[in-house]
Amino acid sequence: MRKNRTYLLTIQKQLKLMLPGHPRILTCPFCRAEKEVLTLHSGNTIDQRMWSDNKTEAPMLPSVSYVQKCPQCGKFYIITRQEYIIEDSKWGGELGTLGYEDMLKAFHQLKEEGFVDKDEEANVRVLLFHTYNDQYRYEESDEPELTQVDKDLFLENVTWLIQNCIMDELMLAEFYREIGDMKNAQLYLDKFQTEEPFFQKLKDEIQRHILENDARVFEITNL
Ligand SMILES: [Zn+2]
């Protein structure tokens, strides 16, 4: 019995079970309304999913959105800019995950206000990039209704990321593929050399999508 219990505790320790911590209380910079967001005591990457646009999702390691929407006034703010307090008497909190429509509004509002630095802008733009792709990402996703304005912004956004973020040739190939620039995608893919089996398989997978003229994000499974 004792042995079993010790074993169980060891397993729990190894698994790093997801345990929520006390919520972080954010205050909206526009209307002062409070919002409780999640903090984690511990978590793990079991059942983590990865996609070709560099998005990862781990159910036991959920991440709080970098951009939050105020539940009262509906305006958006960047989480790292806000002062916060930890609410010791409570547990849990929300993630504040934004869908594409909200992220689009957030991007325009934050851009209008001006970013503190390039890192902040890059974080917001990556979120915009990922929420756009979220519309295609999941098996159950329906064909999204995207306007030319959406597509133009996606092109501008990913081009900005290509020009302003540090990326290796493999990622450059993937980002060019996702904006439908198969010529540059092929160029950078050919430049990328690796001896790592994982990256070789990922390269092969990107190659397959380029040949199919398919610009959509894909899940990286069993590589
Ligand atoms: Zn507010």
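A crossing of two helices is left-handed if the near helix is turned anticlockwise from the far one by less than a right angle. The model is predicted, and every value I give is computed from it.

Some totals to start. The chain has 223 residues, of which 20% count as buried. It holds 7 helices and 9 strands. Along the principal axes, the C-alpha trace spans about 55 × 55 × 35 Å. If you take the contacts between residues at least 6 apart in sequence, 63% of them join residues at least 24 apart.

Now the helices. Two packed helices are described by the angle between their axes and the distance between the axes. I start with α5, residues 169-178, and α6, residues 182-191. Their axes are 8 Å apart, and the packing angle is about 165 degrees. Angles over 145 degrees count as roughly antiparallel, and α5 and α6 are therefore roughly antiparallel to each other. The crossing of α5 and α6 is left-handed. From α5, the residues making this contact are E169, L172, A173, Y176 and R177; from α6, they are M182, N184, A185, Y188, L189 and K191. By class, the contact of α5 with α6 has 7 nonpolar residues, 1 polar and 3 charged.

One residue of that contact deserves a remark. N184 lies in helix α6. Is N184 buried, exposed or partly exposed? A residue is buried if 20 or more other C-beta atoms lie within 10 Å of its own, and exposed if 12 or fewer do. N184 has 15 within 10 Å, so N184 is partly exposed.

The second pair is α5 with α7, where α7 covers residues 197-211. Here the axes come within 11 Å and cross at roughly 25 degrees. Under 35 degrees counts as roughly parallel, so that is the description for α5 and α7. This crossing, of α5 and α7, is left-handed. On the α5 side the contact uses L170, A173, E174 and R177; on the α7 side it uses F199, L202, K203, I206, H209 and I210. The residues of the contact of α5 with α7 divide into 6 nonpolar, 1 polar and 3 charged.

Both contact lists include A173 and R177 of α5. As for the partners of α5, take N184 from the α6 list and F199 from the α7 list. How far apart are N184 and F199 in sequence and in space? They are separated by 15 residues in sequence and by 19 Å from C-alpha to C-alpha.

Next, a sheet. Strands of a sheet pair through backbone hydrogen bonds, either parallel or antiparallel. In this model, 3 strands form an open sheet in the order β3-β2-β9, and the pairing is antiparallel. β3, residues 34-37, and β9, residues 84-86, stand at the edges with a single partner strand each, so one side of each has no neighbour in the sheet. On average, neighbouring strands of this sheet are turned by 30 degrees against each other, direction ignored.

Strand β2, residues 24-27, pairs with β9 over 3 bridges, and L26 stands opposite Y84 in β9. β2 is joined to β3 by 4 bridges, with T27 opposite E34 in β3. The hairpin of β2 and β3 has 6 residues between the strands, and in it R32 takes a positive phi near 70 degrees.

How values were computed: Residues are numbered from 1 along each chain as its sequence is written. This is a predicted model: local features need pLDDT of at least 70, side-chain atom pairs count only at pLDDT 80 or more; totals for chains, interfaces and linings use all residues. Axes are lines fitted to C-alpha atoms, for helices over the stretch in contact, and angles run from 0 to 180 degrees between N-to-C directions. Helices (H or I, at least four residues) and strands (E, at least two) are DSSP runs, numbered from the N terminus. Angles under 35 degrees count as roughly parallel, over 145 as roughly antiparallel, 65 to 115 as roughly perpendicular and the rest as oblique. Two residues are in contact if their C-beta atoms, placed from the backbone, lie within 7 Å. Ala, Val, Leu, Ile, Met, Phe, Trp, Tyr, Cys and Pro count as nonpolar, Asp, Glu, Lys and Arg as charged, and the others, Gly among them, as polar. Two strands pair if DSSP finds at least two bridges between them.
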